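Please keep the sequence and the model in view while reading.

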Amino acid sequence: MGISLSMFVPSRRTQLFIFITMMTALVTHASLASAQDEITLTVTFVGGGDAIDFGRLRNLESDGAPTTETATRQVRLAIRPSTGNVKPYLVTQILETEPTNEMGNSVSSSSILYRVEQEAGAGTVRVPDQTPMVAGEEEIYQSGPQGGDSDLLITYDLIASSEQEAGSYNGTLDYRVSTI
């Protein structure tokens with residue numbers, strides 16, 4: 001299961017409107033040896049609902065002058081190892097490809113920034129500062145040596161600049177937890 005990214009942008013000569021929706025409320029990943037080693041990952045969209053909606057952003061004023069708009073949304077990850085599981089684990093974020101529109105244009109990697117905060121747990125955040133989201137798998141968190149429960153808050157900032165092409169953009173973002 002993944003998070004679907006979609007944006008809508010009308011004509012480049014008018015205004016850029018970007019609409020991104022991230023969907024999926026529960027992800028579990030168990031590439032583990034037994035049920036005793038199971039880890040559950042729950043994804044919650046801050047602000048409610050079952051999606052992150054960046055809404056419509058514009059990159060041009062009504063008079064055609066360039067402008068930049070930013071929208072911020074958050075996702076909370078709750079990682080819960082089964083009772084007795086004392087193995088460390090790694091949390092990764094996977095963006096298969098950069099979001100693209102119907103013409104094949106992609107969103108610039110500098111347009112979507114993210115950072116991770118640890119709200120609970122005894123691990124190490126790998127992306128504490130705002131970082132461009134790029135295609136591929138990125139490590140975002142490593143638990144402490146005994147594993148244990150962790151809560152992470154991921155903040156995504158979408159920046160609509162005057163260089164962004166018009167269109168409806170789509171992509172998929174996944175989270176994965178695996179023991180190390």
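Among contacts in the protein between residues at least 6 apart in sequence, 72% join residues at least 24 apart, where contact stands for heavy atoms within 4.5 Å. The model is a predicted one, in which local features need pLDDT of at least 70 and side-chain atom pairs count only at pLDDT 80 or more, while totals for chains, interfaces and linings use all residues. Residues are numbered from 1 along each chain as its sequence is written, and side-chain values use heavy atoms, with hydrogens and water left out.

**Overall make-up**

The protein holds 13 strands and zero helices, and its elements, read from the N terminus, run β-β-β-β-β-β-β-β-β-β-β-β-β. Both kinds of element are DSSP runs numbered from the N terminus, helices being H or I with at least four residues and strands E with at least two. Of the 180 residues, 44% count as buried; that word means under 20% relative accessible area, whereas exposed means over 50% and partly exposed lies in between, with a 1.4 Å probe and protein chains only. The protein exposes about 8400 Å², of which carbon and sulfur atoms supply 49%, as given by the Shrake-Rupley method with a 1.4 Å probe, where for residues only the protein chains shown count as cover.

Neighbours within four places in sequence aside, threonine 155 is in contact with Thr72, Arg73, Gln74, Leu113, Tyr114, Arg115 and Glu117. The side chain of threonine 155 is also joined to that of glutamine 74 by a polar contact of 2.9 Å; such a contact is a pair of N or O atoms within 3.5 Å, and within protein one must be able to donate a hydrogen and the other to accept it, residues adjacent in sequence counting only if both atoms are side-chain atoms. For leucine 152, with the neighbours within four places again left aside, the contacts include Val75, Leu77, Val116 and Tyr141.

Valine 86 sits in the loop between strand S6 (69–81) and strand S7 (89–95), and glutamine 146 in the loop between strand S11 (136–142) and S12. Beyond four places in sequence, valine 86 is in contact with Pro145, Gln146 and Gly147, and glutamine 146 with Asn85, Val86 and Lys87. Glutamine 146 is classed as exposed because its relative accessible area is 54%.

The table sets out C-alpha to C-alpha distances for pairs from these regions.

| Pair | Apart in sequence | Apart in space |
|---|---|---|
| Valine 86 and glutamine 146 | 60 residues | 4.6 Å |
| Glutamine 146 and lysine 87 | 59 residues | 5.5 Å |
| Leucine 152 and valine 116 | 36 residues | 6.6 Å |

**An enclosed space**

How many cavities of 30 Å³ or more are counted? The count comes to one, a cavity being a set of points, on a 1 Å grid over the protein atoms alone, where a 1.4 Å probe fits but cannot get out, and lining residues having an atom within 4 Å of a point. About 40 Å³ of space lies in the largest cavity, and its lining is formed by Leu95, Glu98, Pro99, Val107, Ser108, Ser109, Ile112 and Met133.

Technical notes. 1 Å grid on protein atoms, 1.4 Å probe; cavity = no way out; pocket = protein on both sides within 12 Å on 5 of 7 lines; lining within 4 Å. Points joined across faces, edges and corners; volume = space filled by probe spheres on them.
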